[in-house]
Amino acid sequence: MLDLKLIRENPSIIKEKLSTRGDGAAYVDKILQLDIERRECIGKAEGLKSLRNTVSAEIAKMKKAGEDASGKIAEMKKVSDDIKSLDEKLSVIEKDINEILINIPNIPADGIPVGKTADENIEVRQWGEKLNGDFKYLDHVELGKKHDILNFETGAKISGSGFPFYKGKGAILERALINFMLDSHRVNGYTEVFMPFLVNRASMEAAEKVPKFEDDMYRIDSDDLFAIPTAEVPILNIHRDEILKYDDLPIKYCGYTACFRREAGSYGRDLRGLLRVHQFNKVELINFCTPETSYDEMEKMLLNACGILEALNIHYRILDICTGDMGFAGSKQYDIETWSPAENKFLEASSVTNCTDFQSRRAMVRFKRPDQKGTEYIHILNGSGLATSRLMVSLLESYQTPDGKIIVPKVLHKYTGFETIG
RNA sequence: GGAGAGAUGGGUGAGUGGCUGAAACCAACGGUUUGCUAAACCGUCGUACGCUGUAAAAGUGUAUCCCGAGUUCGAAUCUCGGUCUCUCCGCCA
């Protein structure tokens with residue numbers, strides 16, 4: 001959620017910046033108009049409330065002195081009615097403002113690529129090289145079937161399509177990846193957390209996932225709980241409605257969760273195997289930091305995520321995401337894509353995003369500087385470090401041998417207890 | 001699932017209709033005292049929104065005692081609905 005005051009004070013700048021991000025700019029004028037009405041309403045209502053408070057105190061005194069206050073009481077009855085109708089009007093206006101505000105995306109950072117679609121993302125760098133062995137690379141679905149480690153039919157039987165089923169060494173490898181990533185990030189200074197996979201509506205709203213993206217979420221109607229689409233949601237909410245200590249910043253968390261996404265409307269796209277699933281595993285990184293450090297922290301987080309891929313020796317590239325392709329809450333976003341030799345393309349395995357104060361305003365996560373009055377909204381960064389599903393695709397495919405075996409990357413041996421599959 | 005208790009500022013905790021944004025204590029911060037430390041004493045000590053205003057400041061009004069609605073001239077305090085927490089019983093990984 002954007003800052004209403006910021007919009008009020010810099011409408012043209014906000015409009016200009018939002019113009020690169022869909023239709024956000026169109027809302028600005030409407031917001032400004034409503035904001036004027038809102039402040040008028042507040043002024044009137046508060047004036048009357050002030051009067052009521054004063055006179056009520058007088059009534060109390062008169063009653064104590066045994067005087068008759070019925071005239072003033074009748075007068076205040078009328079005032080109270082007026083206050084009530086003004087308050088009702090105000091709440092309608094504020095609801096309208098809020099409705100618009102939750103549909104305006106974050107302001108893009110200076111210097112990020114301007115563009116409409118993913119084609120206009122800019123590649124920052126690549127690491128490693130494309131594999132070009134002189135044999136036909138089997139894709140992860142074929143490899144999964146061959147070694148009986150991944151079975152999508154069984155997953156479909158249990159739950160439906162898009163719910164992968166891992167077996168034997170496949171299940172162990174998945175777990176190994178998660179443990180390896182968590183251990184690595186702990187060394188990088190992140191505090192490990194383990195969280196609920198179902199969260200309440202307030203948590204989803206704080207993370208700006210709901211109501212805008214409610215259709216993409218799995219919801220449990222009977223309790224109004226949501227299956228988390230990412231660990232970002234519960235981790236972000238750790239500090240909801242809190243004022244953090246300046247000296248504690250930055251606060252960094254890593255955590256594993258399963259992630260649940262309905263992927264409504266994306267049927268037919270990248271459906272094969274693990275490429276687009278309703279449930280996947282991810283280790284998430286979250287950083288709560290000051291505004292002046294957030295872009296530096298973002299670079300560090302990116303390196304933390306890349307470090308996993310380098311340890312696993314998987315070819316990847318980094319994209320600087322353009323304004324039109326960026327996530328709703330993001331101000332700047334890097335995607336990390338890992339190479340799939342069988343698909344012959346890069347797959348998005350991670351996304352590192354600086355959400356600046358966009359989420360913290362809704363979630364009310366603030367901090368206080370020493371020797372300074374008032375609070376500021378904290379900057380919140382999130383990054384996958386990483387999602388195992390796409391990573392598994394790249395890993396299985398990249399580590400296959402011409403005779404169809406799969407070598408387990410060395411860093412995972414201590415987690416798997418075996419060195420090859422097949 | 002059954003029965004009961006509760007939710008007040010960073011913490012403990014008082015307050016059952018009228019100077020109560022809220023006692024007291026603790027913590028924190030600033031200061032005095034002190035050879036140093038400790039102790040003592042004094043002061044400060046929530047947040048949000050609006051208005052006035054500034055270089056920064058500051059002033060002022062309103063709201064806020066879990067959330068929402070109601071009663072009343074006036075609600076932390078009374079009524080109703082909800083959420084959450086705790087205790088006991090039952091069930092259970």
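A residue counts as buried under 20% relative accessible area, as exposed over 50% and as partly exposed in between, with a 1.4 Å probe and protein chains only. The views below show a predicted model, in which local features need pLDDT of at least 70 and side-chain atom pairs count only at pLDDT 80 or more, while totals for chains, interfaces and linings use all residues. Residues are numbered from 1 along each chain as its sequence is written, chains are lettered from A and ligands numbered from 1 in the order in which they are written, and side-chain values use heavy atoms, with hydrogens and water left out.

**View 1. Aromatic pairs around Phe328 and Trp339.** Rings of Phe, Tyr and Trp (its six-membered ring) pair if their centres lie within 6.5 Å; planes under 30 degrees apart are stacked, over 60 edge-to-face, and the rest tilted. The count by this rule is twelve aromatic pairs. Phe328 and Phe358 form an edge-to-face pair, because their ring centres are 5.6 Å apart and their planes stand at 80 degrees. Phe328 belongs to the loop between strand S9 (316-320) and strand S10 (332-340), and Phe358 to helix H11 (residues 358-363), so the pair ties together parts 30 residues apart in sequence. Helices (H or I, at least four residues) and strands (E, at least two) are DSSP runs, numbered from the N terminus. Phe328 and Phe358 are both buried. Trp339 and Phe346 are also edge-to-face, since their centres are 4.9 Å apart and their planes at 70 degrees. Trp339 is buried at 6% relative accessibility, and Phe346 is buried with a relative accessible area of 13%.

**View 2. Strand S10 and its partners S9 and S11.** Two strands pair if DSSP finds at least two bridges between them. S10 pairs with S9 in the antiparallel sense over five bridges, and Tyr316 has Thr338 in S10 as its bridge partner. Nine bridges join S10 to strand S11 (residues 345-354), again antiparallel; here Gln333 has Thr353 in S11 as its bridge partner. Four residues separate S10 and S11 in a hairpin, and Asn344 in the turn has a positive phi of about 60 degrees. Nine of the nine residues of S10 are buried. One side of S10 carries Lys332, Tyr334, Ile336, Thr338 and Ser340, and the other Gln333, Asp335, Glu337 and Trp339.

**View 3. The surface near RNA strand B.** A residue is near a molecule or strand if one of its heavy atoms lies within 4 Å of it. RNA strand B is surrounded by 23 residues, of which Arg8, Glu46, Ser80, Lys368 and Thr375 are the closest. Of the atoms of RNA strand B within 4 Å of the protein, 74% belong to sugar and phosphate. The largest share of this surface, twelve residues, comes from H3.

View 4. Thr375 has a polar side-chain atom 2.5 Å from a phosphate oxygen of RNA strand B.

Conventions. Polar contact = N/O pair within 3.5 Å; in protein donor to acceptor, adjacent residues only side chain to side chain.
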